[in-house]
Amino acid sequence: GALRVILTHALFSRAPERFTAEIATPFMHALGDLWERGELSPAHEHAASEVMRRLMHDMLGMLPPPEGAPRLVVGTLSGQRHEIGALFAASAAALDGWRVTYLGSDLPAPDIARVAIDVGASAIALSITTVSPGLPDELSLLRKRVGSAMSILVGGQQAEAMASAVRQIDVVRDVDAFRGM
């Protein structure tokens with residue numbers, strides 16, 4: 001509870017883009033470092049990540065898009081359960097004037113494609129944190145379902161690994177690079 005109060009205060013005491021750059025991103029990096037060094041239990045890491053996930057989701061809901069904004073679908077593919085990066089991308093896109101449809105984590109490519117087509121998305125943004133044997137096939141299937149006119153932007157720890165496996169996707173190295181696209 002105390003962590004949520006502190007982070008919520010930090011969100012409302014600065015602009016959303018400053019919150020993401022100055023608080024959320026460094027906080028998540030520090031959390032990961034503490035977990036890797038064994039100074040934080042998995043349960044504590046999950047609890048703190050959940051607080052940040054909820055706060056980022058709330059922030060996304062507070063960023064109404066301008067009239068006529070381009071549409072972006074954001075989420076993660078099957079087997080990708082870590083969604084913080086996707087939430088960061090969704091928030092950054094909303095701040096840049098996109099109308100974001102956020103799908104969450106662990107969805108099959110046909111479902112993501114169906115939503116993207118139904119909402120008339122210009123692009124799909126995905127976060128990839130782990131590589132599984134079927135992931136290149138899922139990305140290829142997504143590309144096939146949405147066609148070549150819709151951009152597929154991929155970020156996350158394992159995005160680079162997918163660039164060589166799947167053609168016609170754009171790898172985004174971090175949120176700032178994503179915002180510059």
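Biologist: How much of the chain is buried, in percent?
Modeller: Buried residues account for 40% of the chain's 181 residues, and please keep in mind that we are looking at a predicted model.

Biologist: What about the surface, how much of that belongs to carbon and sulfur atoms?
Modeller: The accessible surface of the chain amounts to about 9,400 Å², and carbon and sulfur atoms hold 54% of it.

Biologist: At what angle do α1 and α2 pack?
Modeller: Helix α1, which covers residues 2-12, packs with helix α2, residues 16-36, at an angle of about 145°, and their axes lie 9 Å apart.

Biologist: Which residues make that contact?
Modeller: On the α1 side they are L3, L7, A10 and L11, while α2 brings in P16, F19, I23 and F27. Sorted by kind, the residues of this contact are eight nonpolar, no polar and no charged.

Biologist: Where is T20, and is it buried or exposed?
Modeller: T20 sits in helix α2, and it counts as buried because its relative accessibility is 10%, with under 20% being the cut-off for buried.

Biologist: What is T20 in contact with, leaving aside its neighbours within four places in sequence?
Modeller: With those neighbours set aside, T20 is in contact with T25, P26, M56, M59 and F88.

Biologist: And for the chain, what share of contacts with a separation of 6 or more comes from residues 24 or more positions apart?
Modeller: Such residues account for 73% of those contacts.

Definitions and conventions: Residues numbered from 1 in each chain as written. Predicted model: local features only at pLDDT ≥ 70, side-chain atom pairs only at ≥ 80, totals over all residues. Heavy atoms only, no water. Axes fitted to C-alpha atoms, helices over the stretch in contact; angles between N-to-C directions. Helix = DSSP H or I, 4+ residues; strand = E, 2+ residues; numbered from the N terminus. Contact = heavy atoms within 4.5 Å. Nonpolar A, V, L, I, M, F, W, Y, C, P; charged D, E, K, R; others polar. Buried < 20%, exposed > 50% of the residue type's maximum accessible area, 1.4 Å probe, protein only. Areas by Shrake-Rupley, 256 points an atom, 1.4 Å probe, with all protein chains shown as cover.
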